[in-house]
Amino acid sequence: MMKNSISASKASLVFFLYQMISALDVPLDSKLLEELSQPPTITQQSPKDYIVDPRENIVIQCEAKGKPPPSFSWTRNGTHFDIDKDEQVTMKPNSGTLVINIMNGGKAEAYEGVYQCTARNERGAAISNNIVIRPSRSPLWTKEKLEPNQVREGDSLVLHCRPPVGLPPPIIFWMDNAFQRLPQSERVSQGLNGDLYFSNVQPEDTREDYICYARFNHTQTIQQKQPISVKVFSMDSLNDTIAANLSDTDIYGAKPVTERPPILLTPTGTTSNKVELRGNVLLLECIAAGLPTPVIRWIKEGGELPANRTFFENFKKTLKIIDVSEADSGNYKCIARNILGSTHHVISVTVKAAPYWITAPRNLVLSPGEDGTLICRANGNPKPSISWLANGVPIAIAPEDPSRKVDGDTIIFSAVQERSSAVYQCNASNEYGYLLANAFVNVLAEPPRILTPANKLYQVILDSPALIDCAYFGSPKPEIEWFKGVKGSILRGNEYVFHDNGTLEIPVAQKDSTGTYTCVARNELGKIQNEVQLEVKDPTMIIKQPEYKVIQRYGHVSFECIIKHDSTLIPTVIWLKDNDELPDDERFLVGKDNLTIMNVTDKDDGTYTCIVNTTLDSVSASAVLTVVARPNPPFDLELTGQLERSIELSWIPGDENNSPITSFVIEYEDGLHEPGVWHYQTEVPGSQTTVQLKLSPYVNYSFRVIAVNEIGRSQPSEPSEQYLTKSANPDENPSNVQGIGSEPDNLVITWESLKGFQSNGPGLQYKVSWRQKDVDDEWTSVVVANVSKYIVSGTPTFVPYEIKVQALNDLGYAPEPSEVIGHSGEDLPMVAPGNVQVHVINSTLAKVHWDPVPLKSVRGHLQGYKVYYWKVQSLSRRSKRHIEKKILTFRGNKTFGMLPGLEPYSSYKLNVRVVNGKGEGPASPDRVFKTPEGVPSSPSFLKITNPTLDSLTLEWGSPTHPNGVLISYILKFQPINNTHELGPLVEIRIPANESSLILKNLNYSTRYKFYFNAQTSVGSGSQITEEAVTIMDEGKMAMASRQVDIATQGWFIGLMCAVALLILILLIVCFIRRNKGGKYPVKEKEDAHADPEIQPMKEDDGTFGEYSDAEDHKPLKKGSRTPSDRTVKKEDSDDSLVDYGEGVNGQFNEDGSFIGQYSGKKEKEPAEGNESSEAPSPVNAMNSFV
């Protein structure tokens, strides 16, 4: 924590005074400026060396501030300058700036001199620098007679400019008559003095318009020197000129242009000296003559050239060091070198320094009785002298002030009084210049003032520093205290930092830091306080930052930037690419929480930054977008190391487009055999750019390379140059040689022809050879061309042959080929399988056996056996039908097989045949076998019609597949009450010859479920189910109608409401008890499909009993709807029951069959009641069983 009181030590006093004047130097409110007295301060003045345009008015600036406003006066050449006596000179109002009127008859030369401005008020006087006024000059060149320069080719030449001396010095450049700059190079260049140097002249340097120009910037004028003529003589032209005066020996003895070692044109000698001032630009120059043109190199002896400040200009002939310091002093060597030798020059550089500030004096604001110091420290080379002035007068002759004491570069003030106010000047000077600084001592007695506006609102972010200002002024310096709240205690402790300028710092602001803070400033002259407000806001956060993305070229990518911020702050979101604005491209879509880039291109690669700004904080997050694509194709393919059977291919990879190249694919084109067709040659790793390729003879090769990365393959490279290999014998023979007869008396020999490049030479042919295995000793051969098949006729049926095919061309044969075994053509088998036996396994499966036929009788390749079988008739119906034969094939030499999918109780026939490549042999004699009975299929339909109060009529169709002799039908049925529970199951056996039944003695208005199936001696078949409802009693319906009429009465409605309330209470009680232990509807639903035959029966009477709590009656599950005619098809539908409603007003088809649905839902699920086709009815409740 900083100190809050003024220390007694000098160092602390100086620091305190610095803080005070800093407060006065910042802009204060206008009211305070109007009230406080202040000595003058120079705020603007003209430069010390002021070169003016003699054609324009001279303006010498001098501006100052102070309270009261200062008055101005001038001296010229050390004496008072009375501007009132010179009508050409005026002073601007409320300013010290002089305007000398030159444009109305005045002459600038008359006002040359040294000017100094003084600004004065009742508290002191400030003075300006000595301002030296000099008009610029641009004199003409003196007239001179210029002789033409005749130079021998290869000699050096210097064209002197010698511009007139101007103020400031002119800028020199060389041009021709067409005002075009003369070209410069290492051979021809302009020196720092303006001369044009030729290290060696060439014939093209001959011209008559070398013109030196001098540009004077102040007057915007250009002066031109007379043109200089240069003529370069070559040795040939020189010999022609002097041939008449010289003997033949002299002519031929004249030497041609000779090479010469370097010599320096500037500077001359081996050493020179250079003095430069600190902070200036050091320019060193070396220009050399010689042939060939010398090259210049610079070094610093005993050190290095300063980095970042060293530059080479004029083709390295000029060494430039900017912002030089004393450390740059030393010896700099330039070395000129060509192939014949070198020369050098050493320049000794000394860096001097005009005075520069170490500590410039600062203004002091003191209270009466306080102490203070003014310090003026400067350095330079040589060391500058320090002198003091008071109000512009040397301090030695200035009025005495007992409170001050001069001690070299320091003035010490003790117990100052208001009359001690003054402006002091410090002058530091040496032979290279001077520095002049004004610093005032202002003695003030002022009560405290707080400059921070009252009730100013400060807003900061949570956990960040809070700086609450209390800008103040007072003399003596006030003490500052801070309070929180109107009646809070003084703030102390480590959680606060108190700055000397009055600022209160809360290093880590928290939510409880919010509130009113009071600043109190007091000194011996008074006390004042001010209140300000502090609000602590939640920080802005990026809760979902953009993430690194890799995207393929032309894809879409999106960066998210989801933020959270204080509700009272309004954030703005800015997206940057590579720390710059997003491109002006409609592909960039900036949304509320994201940035989307459409059709991404390579130039979109980079870093994307989301910046969120509020008035109090800023956060950002960045992510990199890497755009990947297939690589660019390789280029610069080169073939080297050409041999007969190999060559080396090299290439340069293309851009990998941010996805490393994993491999290179090399392809070749055979321009001789398959022009335009490219074939795969090899593949090498992506790190490899050369490959040794194997070649085939007689191929005109071209190669291309394809780069591969994770994204895909590049476009192929441009083809390489072509390379034709020499012819040779074939290296290989045809492949896939086969011998297979197409007819019983021939042999067809086939092979795969060689590719064009496999021929190894012109005239490709094939030598086809064959002989009968184990019969012929000699080979039969034939030579063919441009075919891949040869047919040998007149062969025995299906005998083995040895076969070989050999390639040959104009240069010879390929190596001896290998032999293959082929067979002549096949014929149909001669013998049928014998001893065919059938073993019936069950009503749908039988096994058949047979004896194999002799292999000789097959007369071909044995492929297997075929079993033909077909159903002759059904034993239950005794009616023949269309015969459909079935075939089963058994591969190889198999002698048995299974016949699946037979129909029960049927008669079948079968036979067996052998098969070879030619076809099938004769059939074996037919074998007859029969399948036993099986269970029948379900009845073809079940219809329930003619519903009455107590009866229903059932009609059915016999099974489509009885699979035996039907012995009876089984009918089971049971009632279903309105709670979806099943009643006792009744079973009836019906003779097989019946097709209808009338069920009597049924309950009226009751739903029944029926289960119906057929039986053979083997067992019962699958069942079909159906449901139907008996009709309602008309008397009961009338009763219900009267109940409805009563229900329209008001008293009955009230009674029913009371009853409903009691029922609701009872239901709640029942529900609670049921939860403790009762029936479980879920279990009921799961078991609704249980076969009614396995329901438990009561032990006493054998009737179907109810399930207990654990196994209660199960409601039927939902099923599919039955057809509209109530006919249930033969497909299994036992468990697919339709839902039903709770009333008798169900929907019926035209034939009276019921088409409603029933549901296993309890009354607590009425929302699905719309699935029922019946409305609830109280009659159902009365007629339902318990």
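Reply: We can start with the chain as a whole and then go on to cores, strands and rings.

Reply: Please keep in mind that this is a predicted model, in which local features need pLDDT of at least 70 and side-chain atom pairs count only at pLDDT 80 or more, while totals for chains, interfaces and linings use all residues. Residues are numbered from 1 along each chain as its sequence is written, and side-chain values use heavy atoms, with hydrogens and water left out.

Me: OK, how many helices and strands does the chain have?
Reply: The chain has nine helices and 85 strands, where helices (H or I, at least four residues) and strands (E, at least two) are DSSP runs numbered from the N terminus.

Me: And what percentage of the residues is buried?
Reply: Of the 1186 residues in the chain, 43% are buried, and buried means under 20% relative accessible area, with exposed over 50% and partly exposed in between (1.4 Å probe, protein chains only).

Me: Which residues have the most contacts inside the largest nonpolar core?
Reply: They are Ile58, Ile60, Trp74, Ile100, Tyr115 and Ile133, in a core of 30 residues. A nonpolar core is a set of buried Ala, Val, Leu, Ile, Met, Phe, Trp, Tyr and Cys residues joined through side-chain atoms within 4.5 Å. Strand β9 gives the most to this core, with three residues.

Me: What does Ile133 touch?
Reply: Leaving aside residues up to four places away in sequence, Ile133 touches Tyr50, Val52, Ile58, Ile60, Tyr111, Glu112, Gly113 and Tyr115, where a contact means heavy atoms within 4.5 Å.

Me: What is in the second core?
Reply: That separate core has 21 residues, including Ile450, Ile468, Ile506 and Val532.

Me: Switching to sheets, what is the strand order in the open sheet of five strands?
Reply: The order is β29-β37-β36-β32-β33, with mixed pairing, and two strands pair if DSSP finds at least two bridges between them. The edge strands, each pairing on one side only, are β29 (364-366) and β33 (393-394).

Me: How many bridges join β32 to β36?
Reply: Six bridges join strand β32 (residues 385-390) to strand β36 (residues 422-430), and these two strands run antiparallel.

Me: Where does Lys48 lie?
Reply: Lys48 lies over the face of Tyr434, at 4.0 Å from the ring centre, the rule being that NZ of Lys or CZ of Arg is within 6 Å of the ring centre and within 35 degrees of the ring normal. Arg76 lies over the face of Phe81, at 5.9 Å from the ring centre.
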